[in-house]
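Here is a short report for a reader meeting this structure for the first time. Have a look at the model, then read on.

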Amino acid sequence: YLSESVYEDWDAAMVKQIVGNQYLEFVNQDKHVVVAFRSESCQKCLRIMPKFYKAAEYFYLQHPEEVVFAEMDVLHNEAPGLQGDIQALPTIYLYPKHNKDPPYPLDLSLESEGLRTFVQSIKSECALPAPLPREMETEYVLAAKRFKAAVRELEGSLEPAVNELNEAAARLEALKS
């Protein structure tokens with residue numbers, strides 16, 4: 001099968017850049033694995049991949065030890081065992097932790113609800129628990145929205161808002177010590 005050399009920094013980002021030689025080991029790790037098979041010349045891939053990255057960020061923050069995302073360029077790499085299965089680009093497969101074969105096909109549409117449905121599909125197929133709300137989380141969200149609205153109404157420089165945020169961050173960081 002076709003494979004590029006392993007990229008030097010293949011695992012540096014939230015979405016891992018895998019090649020054909022890494023495919024089997026990567027999908028068989030003890031985590032839920034989501035892989036996008038795409039091509040840089042594919043226009044639909046270019047439009048969908050930003051949503052894929054947003055989903056990866058969500059799972060990186062909410063379920064970092066349970067779900068991992070990767071992408072593979074199918075013009076330069078083949079996934080052993082999937083030859084012929086990838087008929088359209090992008091093709092996105094979920095490999096649940098306890099049931100890797102066959103992979104579960106996922107649909108990430110360009111519609112506005114596509115990302116939400118995509119995330120829900122992964123959470124459902126992997127039986128991931130909902131994150132526990134933190135104390136005062138609702139109040140925090142409302143305060144953040146209020147701050148953002150106030151910043152939008154500022155005229156001229158954003159320096160006062162930046163200074164306030166930096167001071168607030170410094171006070172919170174001091175609480176950790």
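Which residues are buried in H3? They are Gly114, Leu115, Phe118, Val119, Ile122 and Lys123. Buried means under 20% relative accessible area, exposed means over 50%, and partly exposed lies in between, with a 1.4 Å probe and protein chains only.

This is a predicted model, in which local features need pLDDT of at least 70, side-chain atom pairs count only at pLDDT 80 or more, and totals for chains, interfaces and linings use all residues. Residues are numbered from 1 along each chain as its sequence is written, and side-chain values use heavy atoms, with hydrogens and water left out.

## Helix H3

Helices (H or I, at least four residues) and strands (E, at least two) are DSSP runs, numbered from the N terminus. Helix H3 covers residues 114–125, twelve residues in total. From its first C-alpha to its last, H3 reaches 16 Å, close to the 16 Å expected at 1.5 Å a residue. The expected span is 1.5 Å times one less than the number of residues.

What covers the buried residues of H3? The cover includes strand E2 (32–38), helix H2 (43–62), strand E3 (67–73), strand E4 (91–95) and strand E5 (104–106).

Glu125 also belongs to helix H3. Glu125 is partly exposed, with a relative accessible area of 37%. Leaving aside residues up to four places away in sequence, Glu125 touches Leu94 and Tyr104. Contact here means heavy atoms within 4.5 Å. Tyr95 is 30 residues from Glu125 along the chain, and their C-alpha atoms are separated by 9.5 Å.

## A salt-bridge network

A salt bridge is a side-chain nitrogen of Lys or Arg within 4 Å of a carboxyl oxygen of Asp or Glu. By this rule there are two salt bridges.

Glu71 pairs with Arg38, and their closest N and O atoms are 2.7 Å apart. Glu71 lies in strand E3 and Arg38 in strand E2, so this pair ties together parts that are 33 residues apart in sequence. Glu71 is buried at 2% relative accessibility. Arg38 is buried too, with a relative accessible area of 9%.

Asp73 forms a salt bridge with Arg38 as well, with the closest N and O atoms 3.8 Å apart. Asp73 lies in strand E3 and Arg38 in strand E2, so the pair links parts that are 35 residues apart in sequence. Asp73 counts as buried at 6% relative accessibility. Shared partners join Arg38, Glu71 and Asp73 into one network.

## Two pockets

Pockets are found on a 1 Å grid over the protein atoms alone: a pocket is an open set of points with protein on both sides within 12 Å along at least five of seven lines, and lining residues have an atom within 4 Å of a point. Grid points are joined across faces, edges and corners, and a volume is the space filled by probe spheres set on the points. Ala, Val, Leu, Ile, Met, Phe, Trp, Tyr, Cys and Pro count as nonpolar, Asp, Glu, Lys and Arg as charged, and the others, Gly among them, as polar.

| Pocket | Volume | Lining by class | Top contributor |
|---|---|---|---|
| Largest pocket | about 360 Å³ | eight nonpolar, no polar, two charged residues | H5, six residues |
| Second largest pocket | about 270 Å³ | seven nonpolar, one polar, four charged residues | H4, three residues |

Helix H4 (137–153) and helix H5 (159–176) each supply at least two residues to the lining of the largest pocket. That lining includes Tyr140, Phe147, Glu164 and Arg171. The lining of the second largest pocket includes Tyr58, Gln62, Lys123, Met136 and Tyr140. Its elements with two or more lining residues are H2 and H4.

## Backbone details

Most residues other than glycine have a negative phi, and most peptide bonds are trans. Where are the cis peptide bonds? One joins Leu89 and Pro90, with omega about -10 degrees. Pro90 sits in the loop between E3 and E4. Another joins Asp101 and Pro102, with omega about 0 degrees. Pro102 lies in the loop between E4 and E5.

Ala127 is in the loop between H3 and H4 and is exposed, with a relative accessible area of 64%. Met136 has a positive phi of about 70 degrees although it is not a glycine. Met136 is also placed in the loop between H3 and H4.

How values were computed:
1 Å grid on protein atoms, 1.4 Å probe; cavity = no way out; pocket = protein on both sides within 12 Å on 5 of 7 lines; lining within 4 Å.
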